[in-house]
Amino acid sequence: MHHRPSATIKCNNPVTVMTNSAAPHLLPVFARADIGFERGEGVWLIATNGDCYLDFTSGVAVNALGHAHPALVKALQEQATKLWHMSNLFQSPDGEKLAARLCSESFADFVFFCNSGAEALEGVIKLVRHHHFSKGHPERYRIITFEGAFHGRTLATLAATGSAKYLEGFGPPMDGFDQVAHGDIEAVKKAIGPATAGILIEPIQGEGGVRSAPLGFLKALRQLCDEKGLLLAFDEVQTGMGRTGDLFAHRRTGVTPDVMSLAKALGGGFPIGAVLATADAASGMGPGSHGSTFGGNPLAIAAANAVLDVMLRPGFFDHVQKMSLLLKQKLASVIDRHPDIVSEVRGEGLLIGIKAVVPSGDLIAALRNEKLLTVGAGDNVVRFLPPLIVTEAEIEDSVIRLERACAALSGSKRTAS
Ligand SMILES: *Cc1c(COP(=O)(O)O)cnc(C)c1O
């Protein structure tokens, strides 16, 4: 059973062949696979050589509605004929509409729009610090973060991420972050001092290896923050916008933050990030305290409003949860059959990780040979991040490809030994 993209797309119809030397001028900070894509449709990506790939990367949790979703294409095309850019010196009716919708779906009273995840986190960090400053406590500026976290690649968000391998060679890390063991509430208590302003955590660590915060941990953090007058900030850049089976991951935990970052899937593939905050948390952010030239750009706002139109239709999150259950069940059976290759399924919704027994890079390459695209993560995990519109047939197809990749890896292991 092999599902294919619609008849408008011809697979295996060579167009151009790409090689590694095709990009001698792109700064080589990414280890790029030797495939280039020229178009996508739903969960499918068509390579420049005509091969069709099942895309379980979603551009790293970005293309939540798949590629070329008709509602997104229409929204962007219509906006493109009207207004591309407008400075924040003037009103933004569509930006206000998007902000109001995000607030009505969340704990927040205010939204600040920016262009990426790292920028959203910069906004979160500044807002948390300014909250205490404006309340007469400029000495409270430090934020507690967690081992295995990922918050971005700017200097401040790298310091918050705290990973030695990303920080090395870039000078002294920015001050103001205290990192503790993930899930260790006693360590958090010990780290809180007179300079602590807040706690920043991903409800599920994405880059860190699809690691969920332990049961009760988020609740305990909420309680600690309330007791000590700290702000609780959730980084939902990866977990937000439907990825875990609800609009925001924390809605399934029963714990509400004071501040939240969004980006990745918010624009369905168009760059946009956001900081959401309660009125009290945002009390320090008056005119001039923060800004962005492109933030809230009309094209980005149009895309994000269209994403919400689709996600807020009845049944959208039920579908994500249904596909999640199916995928997890199928993956568990692959683990039963190939314990020498894969060992554990993690995650919520369609933020799924499988822990590899072989090097995760080998599994990702073997999957790519089967024309299934996946993403690596910390802790030797391979992430399955299909578009949220993925169908049952496509999930089943992906697992057949995984099965074949595992068999190929087992075979090459036997040959080697
Ligand atoms: C991807 C990610 C970021 C950084 O987003 P960019 O858009 O790459 O700057 C921050 N936090 C989390 C949890 C992420 O997954």
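## What surrounds the ligand

Sort the shell around the ligand by class and you get 3 nonpolar, 5 polar and 3 charged residues. Here Ala, Val, Leu, Ile, Met, Phe, Trp, Tyr, Cys and Pro count as nonpolar, Asp, Glu, Lys and Arg as charged, and the others, Gly among them, as polar. The residues around the ligand are Ser 116, Gly 117, Ala 118, Phe 150, His 151, Gly 152, Glu 202, Asp 235, Val 237, Gln 238 and Lys 264; a residue makes the list if one of its heavy atoms lies within 4 Å of the ligand.

This is a predicted model, where local features need pLDDT of at least 70 and side-chain atom pairs count only at pLDDT 80 or more, while totals for chains, interfaces and linings use all residues. Residues are numbered from 1 along each chain as its sequence is written, and side-chain values use heavy atoms, with hydrogens and water left out.

Which atoms of Gln 238 come 2.8 Å from a ligand oxygen? It's an N or O atom in the side chain of Gln 238. With Gly 117, a backbone N or O atom sits 2.8 Å from an oxygen atom of the ligand. For Phe 150, a backbone N or O atom is 3.2 Å from a nitrogen atom of the ligand. (A polar contact is a pair of N or O atoms within 3.5 Å.)

On its own, the ligand would expose 390 Å², and the protein buries 81% of that. Those areas come from the Shrake-Rupley method with a 1.4 Å probe.

## How some helices pack

Now for the helices, which are DSSP runs (H or I, at least four residues) numbered from the N terminus. Their axes are lines fitted to C-alpha atoms over the stretch in contact, with angles from 0 to 180 degrees between N-to-C directions.

Take H10 (residues 316–337) and H12 (residues 392–416): their axes come within 10 Å and cross at roughly 20°. That makes H10 roughly parallel to H12 (angles under 35 degrees count as roughly parallel, over 145 as roughly antiparallel, 65 to 115 as roughly perpendicular and the rest as oblique).

H12 also packs with H11 (residues 360–369), at an angle of about 120° and with the axes 9 Å apart, so H11 and H12 are oblique to each other. Elsewhere, the axes of H2 (residues 70–80) and H9 (residues 298–311) come within 9 Å and cross at roughly 150°. H2 is therefore roughly antiparallel to H9.

Definitions and conventions
Polar contact = N/O pair within 3.5 Å; in protein donor to acceptor, adjacent residues only side chain to side chain. Helix = DSSP H or I, 4+ residues; strand = E, 2+ residues; numbered from the N terminus.
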